[in-house]
Amino acid sequence: MTQIGPFLERRLRRRFATYDTDGDGFVQRHDFETAVDRLGVAFGLGPQAAPLVRLRALSLGLWEHLSQAADTGRDGRISEEEYQVAFAAGLLVTPRTFDASYGPFLDAIMDIADRDGDGRLTRDEQVRWTGALMGMAEGDAREVFGRLDTDGDGLIGREDLLGAIRAYYFDEDPHGPGSWLLGPLDGG
C-alpha cells in the first residue's frame with residue numbers, strides 16, 4: 001500500500017483532472033477517446049492513421065486497467081477518490097513496472113508528436129501534444145518544456161519525458177523533474 005502524502009495527493013488530483021476531459025468530475029471511457037481524437041486533430045491525422053489507431057488502442061487499454069482497478073462502484077466511471085484509493089493500493093506498483101507499462105504509451109505519443117522522427121520534441125510539438133491530449137494550457141506547457149530541456153538545446157527526448165513522468169508519480173522532491181510536469185499544482 002502506497003502512502004499518499006499531501007504532495008502526491010496534489011499531483012494525483014492534477015493528473016485526474018487531465019484524464020477528465022469533459023470536466024464532469026469523473027473519468028470515463030469517452031474521456032480517453034476524446035483526448036486521442038483531439039491529438040489526431042492537433043497533428044492533422046485522420047482517425048484511421050496508424051499512429052493514432054495504436055495510441056487509441058493503448059489509451060483504451062489504460063482505461064480498462066484503470067476501470068478494473070479503480071471503478072469500485074462498477075458504474076463505468078471513476079471518481080477522484082476512487083482513483084486515489086486505487087493508486088494507494090498499488091495501481092502503478094513500482095517505477096520499474098511503470099516504465100514497462102508506460103513506455104509503449106509514450107512511444108505512441110512520440111510517433112505522433114515527433115514530426116521529424118528524430119526521437120526528440122521541439123517546444124511547439126510538446127505544447128501541441130500536451131494541450132490536445134491533456135488539456136494543458138499553452139503557458140504551462142511552455143514552462144514544462146523549459147524545465148525538461150535541461151541542456152537548453154531546444155529539444156527534449158523520450159527518456160527526458162519518461163524520467164519526468166516517472167518522477168511525477170514516485171519522487172517526493174517538490175523541485176524535482178516531475179514536480180511541475182502537468183503544470184502548477186493546486187493547494188500548495
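Visitor: What makes the link between the side chains of Arg11 and Glu172 a polar contact?

Guide: In this predicted model, the side chains of Arg11 and Glu172 are joined at 2.6 Å. A polar contact requires a pair of N or O atoms within 3.5 Å, and the value of 2.6 Å meets that cut-off, so the term applies.

Visitor: Where does Arg11 lie, and why is Arg11 called buried?

Guide: Arg11 belongs to helix H1 (residues 6-19). Its relative accessibility is 0%; buried means under 20%, so Arg11 qualifies.

Visitor: Which residues does Arg11 touch, leaving aside residues up to four places away in sequence?

Guide: Arg11 touches Ala167, Tyr168, Tyr169, Phe170, Asp171, Glu172 and Leu185. Glu172 is also the partner in the polar contact.

Visitor: What parts of the chain does the pair of Phe87 and Tyr169 tie together?

Guide: Phe87 is in helix H4 (residues 80-88) and Tyr169 is in helix H8 (residues 158-170), so the pair connects parts 82 residues apart in sequence.

Visitor: How do you know whether Phe87 and Tyr169 are buried or exposed?

Guide: Phe87 has a relative accessible area of 3%, and Tyr169 has a relative accessibility of 7%. Each value is under 20%, so Phe87 and Tyr169 count as buried.

Visitor: Which residues do ring pairs link into a cluster?

Guide: The cluster consists of Phe16, Tyr19, Phe32, Trp63 and Tyr83. Tyr19 also has Arg15 over its face, at 3.8 Å from the ring centre.

Visitor: What makes Arg77 a charge over the ring of Phe26?

Guide: The charged end of Arg77 sits 3.6 Å from the centre of the Phe26 ring.

Visitor: How much space lies in the second largest pocket, and which residues are closest to its centre?

Guide: The second largest pocket holds about 280 Å³. Of its 17 lining residues, Arg147, Pro174, Gly176, Ser179 and Trp180 are the closest to the centre. H1 and helix H7 (138-148) are the elements giving two or more residues to this lining, and H7 gives the most, with three.

Definitions and conventions. Residues are numbered from 1 along each chain as its sequence is written. This is a predicted model: local features need pLDDT of at least 70, side-chain atom pairs count only at pLDDT 80 or more; totals for chains, interfaces and linings use all residues. Side-chain values use heavy atoms; hydrogens and water are left out. Helices (H or I, at least four residues) and strands (E, at least two) are DSSP runs, numbered from the N terminus. Buried means under 20% relative accessible area, exposed over 50%, partly exposed in between (1.4 Å probe, protein chains only). Rings of Phe, Tyr and Trp (its six-membered ring) pair if their centres lie within 6.5 Å; planes under 30 degrees apart count as stacked, over 60 as edge-to-face and the rest as tilted. A charge sits over a ring if NZ of Lys or CZ of Arg is within 6 Å of the ring centre and within 35 degrees of the ring normal. A polar contact is a pair of N or O atoms within 3.5 Å; within protein, one must be able to donate a hydrogen and the other to accept it, and residues adjacent in sequence count only if both atoms are side-chain atoms. Contact means heavy atoms within 4.5 Å. On a 1 Å grid over the protein atoms alone, a cavity is a set of points where a 1.4 Å probe fits but cannot get out, and a pocket is an open set with protein on both sides within 12 Å along at least five of seven lines; lining residues have an atom within 4 Å of a point. Grid points are joined across faces, edges and corners, and a volume is the space filled by probe spheres set on the points.
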